[in-house]
Structure formats: structure tokens, C-alpha cells
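Please look through the following structure with an eye to its aromatic side chains, and then to the chain as a whole.

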Amino acid sequence: MLKSFKKKSLPNSPTLHVTRYTLHSSRGFSLIELAVTITIFVVLTTAVLIKNSRFQSDLIITNLAYEIALTIRQAQTYGINVKAYDSTSFNYAYGVHFDVGTSAAKEKFQLFVDLDDSNVYTEDPLEEVSAFQLKAKNVISDLCVYQVSSGGVGDCTIDFVDITFKRPEPEALICIGTDSCEAKRAVIEVTSPKGVKRTVEVKSTGQISVLMPN
């Protein structure tokens, strides 16, 4: 006689579970969303580039102003400390010459030795110690002289100014001609191609300052 057997599950037998995944199609950017995203990116990039360009222009023109101030200080040091022009000449004054009379003149300035004792630079190659050529289209845009040490109305119609130092005095001779060295203060303005301005102020007392805009 046949016996019937019941199927018994084994103890601790693992149960298999089948996990089903359904892939859903994802929607991409619409044309309008893409256009808005690109517009935002272009606006932000442009703003960063403009700000960076402005920062570079500010930095270059500020460095130029300090270079001018340091050159004037160098002339003062040479004049007071009696830098020898040659092995036997120790009495010459030294100065810095600025000229805005022509476009070419606005792009340079000269450190000079006053060989003829005129207090101004002459177009003599022997008087030129160093010539400084302005770069990046920066220019010396304006020159002004004042008859008082601070404030007052200045004469900004001049084409050139010479700032000269001679021992034993540390004071500056601010001259707009061989017979006109009575100014108490001179202001040299430099301007970048983007219109950023810096000014160097020299007082007859020998004080030299770089002025920043407020």
C-alpha cells in the first residue's frame, strides 16, 4: 500500500524575494529653461569679467602713481645726499620733469640732473638720468600748481612742471619756468584708459603723497 508524503519545509531555509524595477523616462530641459540658464550664466560671467578688468585697471594706475612718487623721492635723495654726476661734480640738483603739452609727452616723465642750474629740465640728453615710459595706455592727464600749501585755487593750465631738489635743503622747488619756482604745491594726475584717476601731491616742504579718490 502506497503511503502519501507531505512536503515539509526545511528549517531555516532562505526565502527568495524577487524585486522588480521599473524605469521611468526622465524629461530633459525645455528650450525655455535652457535659454534662461544660459542667460544667467552669461550675465554672471560678464559681471565677473568687468569687475576683474576694473580691479586690474585700478591696480595698474595705483602702481603708476606710486612709481612717480618714488621717482620724486629718488630725486630728493640724490639732491640732498649730493649724488655724484661724475667723479668730480657733486653740486648739481636733481629733479623730475612732467609735460602734458603733447600726446607723446603725456606718456613719459624724466628724472634729470640740473647741469645748467636753471631748476628746470632742458632738452639736453646729458641732463636726462632716467626716462620712464608709461605703459598700458596710461597717461599723465593733468598738472596743477598752487600758491598755498593746502586748499586754494590752482593753475591747471600749465603744460609742464619741474620738481627739483638741491642740497642742503630738503624742500622742493616747484617750477613752471626758469623764473617761476614760487609754487607751494604741485599735483600730478594720472589716468587709465578706463578713466581711473590717481594723483600725486608734492609740497614745497618736501612732502610727497599719493592721493586716492574717496
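Across the whole structure, a search finds four aromatic pairs, where rings of Phe, Tyr and Trp (its six-membered ring) pair if their centres lie within 6.5 Å, and planes under 30 degrees apart count as stacked, over 60 as edge-to-face and the rest as tilted. One of these pairs is formed by Phe112 and Tyr121, which are tilted towards each other, and both of these residues are buried, a term that stands for under 20% relative accessible area, with a 1.4 Å probe and protein chains only. This is a predicted model, in which local features need pLDDT of at least 70 and side-chain atom pairs count only at pLDDT 80 or more, while totals for chains, interfaces and linings use all residues. Residues are numbered from 1 along each chain as its sequence is written, and side-chain values use heavy atoms, with hydrogens and water left out.

Ring pairs also link Phe98, Phe109 and Phe132 into a cluster. A charge is placed over a ring as well, since by definition this requires NZ of Lys or CZ of Arg within 6 Å of the ring centre and within 35 degrees of the ring normal, and the charged end of Arg185 sits over the ring of Tyr146.

| Residues | Distance to or between ring centres |
|---|---|
| Phe112 and Tyr121 | 5.5 Å, centre to centre |
| Arg185 and Tyr146 | 3.9 Å, charged end to ring centre |

Of the 214 residues, 35% count as buried.

Terms used:
Buried means under 20% relative accessible area, exposed over 50%, partly exposed in between (1.4 Å probe, protein chains only).
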